[in-house]
Amino acid sequence: MPRINSATELEELRKGILSKRDPNKPCIAICAGTGCLALGNDRVISAFEEEVKKQTLEAKVDIRATGCHGFCEKGPNIIIYPEEICYIEVTPEDVPEIVSQTVLGKEVIDRLIYTDPNTGEKAAHQSEIPFYKNQMRHLIGNNSKIDPKSIDEYLALGGYSALSKSLFEMSPEQVLEEIKKANLRGRGGGGFPAGLKWETARNAPGEEKYVIVNGHEGEPGAFMDRALFTGNPHSVLEGLIIGAYAIGSHQGFIYTRHDSPQLRNNIAVALTQAEEYGLLGENILGSGFNFNVEVHLDIGIFVSGESSALMRSIEGKNPEPRPKYIRTSVSGIWEKPSNLNNVETWANVPQIINRGSEWYTSIGTERSKGTKLISLSGNIVNTGVVEVPFGTTLREIVYDIGGGIPNGKKLKAVHFGGPMGGSIPESLLDTPLDFDELAKLGAPIGAGGMFVLDEDTNMVDVTRFFLNFLTNESCGKCVPCREGIRQMLKIVTNISEGKGREGDIELLEEISEVAGAASLCALGKTASDPLLSTLRYFRDEYEANIKEKKCRA
Amino acid sequence: MDNARIDRIIDKHQGEASSLIQVLLEIQSENHWLPKEALERVSEKLQVPLTRIRHIATFYKTFSLIPKGRHEIHVCTGSSCHVRGATRLLDTVQDLIGIRPGETSSDLRFSLETGNCLGCCALGPEIVVDGKHHSKIAPDNVEDVLKDYD
């Protein structure tokens, strides 16, 4: 790979890649996301490779193993370009037919396309399937168009042009200003404006500064960051380098899961390729800007996704959070200013630089801009990764995209934010997706795990489940969290087993108030959120369990 | 696990104390557990007190200070698998192999763990054996899956 030494050379390279491509050449894009992989798509991929070889089509047809397409429910998914024909639930036995009929014969195979279970309508193209049609896929949409292991494919889609624009046409202050104007808010849970955080880190005293990608994603029911990071690692990396330039950092860290081999591998490949092209390392693109990245792995504890705990872990210590009188953006890893953002936040950066803050702020609601990735799971017809603009109502997500509740059941509640989030009853389903609106209802968006619950769900049991999870994941450093959650779990377990007593609810409220006020980090502070939200909307279930002394679960 | 292998891992990380967690992780993934001798070697080479190493090794769930079985069974108990029947699945697995989560069978055939969400919420409930996902699995089929792992 040649090193790229200027913005012009980057554009020439891009032109070279594009000129070698025939837009009409058929390409079979096979989803190799975690879900489809678990469904055996590796056999589908090898079947395609064999079939193409058998028919000696290697020069005429491309096969691409891509990141997650999003429609996990119907995997293994494949898309055939340039027609964008979508086939679902593909098996190795379907492969010869697909190659001869669709790839060569341009015929659609009826049995493999999506059929709407309600209307019976068939949809052959991605743009016609309700699951995709009702989304706005600015971030995740490119997953099916690139091989995550090929930087050239990312470059062909205009990749690293935002980096080049930042380095050569904008000052660090201008980049920062653009992100601030875009009102990009942190996607990891807090919704804190990324631009302000960057500014704090930039202005913090000290020469050495760090930027960090938080790819921990430990929340049960959240899998969108993995889908994005595995499927399009360069988009996150490009955002990170731009952020480092704006902040004045020369060292970055990626903190991610050790238990996703594919994710680890794709990140490692992306870093090597970017380095070889001179997009990472010394004198990036000949601009004089230096930046290196190191990968660190989480090792199976939820709390290490908390920013100050994560930073301790990078230092090689136990991931115990610290109080944040001083923000990590001022004093983080080794007491140096450290700016941490979530995977999705970083991935938003290149498009803001490329298309401008004005374009970006035209999407979304007044205070929540852009799109949001959602992991849709639970009692829902279409489980998968979804991307919608802020302002989309929860009803649209559940019914238009998610396809509603399976087995003809009724919806009971939608739970956001995993074990530290909250549940919203069916009656509030017309609430728009918005950081502040949902927080007001006691169900903050969190990282974007949206968990759908049907009428058979016992809310006391759901609460018990989350409290049980947090009891195991609390680091144990501070008493309000360690003991508070344990006691809440005890009481909720009693209630759910029909052993609840009068006064239990009040006691729960009291403990949660103390844990919320006195815990060191967000884990303890928000541990009682599921409890409080279910007490707010489903109090009758607790009361019934206590009064009738029985277990309704 | 002999010292040469441990040294190789440490050298790869340039022997820096900040790489302690990554070094332990590599030993764990090669050896499936962290023997006392290995920890002592790491302590000596990285110049980190053994107490701090044990502090870390006992804190993170991935690390094990006792031998693990040849096959690692992981039952997903994330929220989506939970509503789709993970509890019943876990009960079945426990009954079949006779151990509880965190334990290893006496013949060292299996270790059992419950785990956080593995990101396959569309496919739950599921068990993962040595990294291979067995999705949408009913308790009745567990025996069939496990018999292939000796």
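Student: Left-handed or right-handed: what is the crossing of α8(A) and α11(A)?

Tutor: In this predicted model, α8(A) and α11(A) make a left-handed crossing (the near helix is turned anticlockwise from the far one by less than a right angle; clockwise would be right-handed). As in any predicted model, local features need pLDDT of at least 70 and side-chain atom pairs pLDDT 80 or more, whereas totals for chains, interfaces and linings use all residues.

Student: At what angle do α8(A) and α11(A) pack, and how far apart are their axes?

Tutor: The angle is about 120°, and the axes of α8(A) and α11(A), the latter covering residues 233–247, are 7 Å apart. Axes are lines fitted to C-alpha atoms over the stretch in contact, with angles from 0 to 180 degrees between N-to-C directions. Residues are numbered from 1 along each chain as written, and chains are lettered from A and ligands numbered from 1 in written order.

Student: Which residues meet there?

Tutor: Pro172(A), Val175(A) and Leu176(A) of α8(A) meet Ile242(A), Tyr245(A) and Ala246(A) of α11(A), contact being C-beta atoms, placed from the backbone, within 7 Å. These residues divide into six nonpolar, no polar and no charged (Ala, Val, Leu, Ile, Met, Phe, Trp, Tyr, Cys and Pro are nonpolar; Asp, Glu, Lys and Arg charged; the others, Gly among them, polar).

Student: And α14(A)? How does α8(A) cross that helix?

Tutor: The axes of α8(A), residues 172–182, and α14(A), residues 343–361, come within 9 Å and cross at roughly 50°. The crossing of α8(A) and α14(A) is left-handed.

Student: Which residues of α8(A) and α14(A) meet?

Tutor: From α8(A) come Val175(A), Glu178(A), Ile179(A), Lys181(A) and Ala182(A). Their partners in α14(A) are Val349(A), Ile352(A), Ile353(A), Ser357(A), Tyr360(A) and Thr361(A). This contact comprises seven nonpolar, two polar and two charged residues.

Student: Changing topic: how many residues of chain A are in contact with chain B?

Tutor: On the chain A side there are 33 residues, in contact with 28 residues of chain B. Elements α2 (34–38), β9 (292–298) and β11 (371–378) of chain A each supply at least two residues of that side. Its residues divide into 12 nonpolar, 18 polar and three charged.

Student: How many helices and strands does chain A have?

Tutor: Chain A has 22 helices and 15 strands, namely DSSP runs numbered from the N terminus (H or I, at least four residues; E, at least two). Its C-alpha trace spans about 75 × 60 × 40 Å along the principal axes. Of the contacts in chain A with a separation of 6 or more, 72% join residues 24 or more positions apart.

Key: Contact = placed C-beta atoms within 7 Å.
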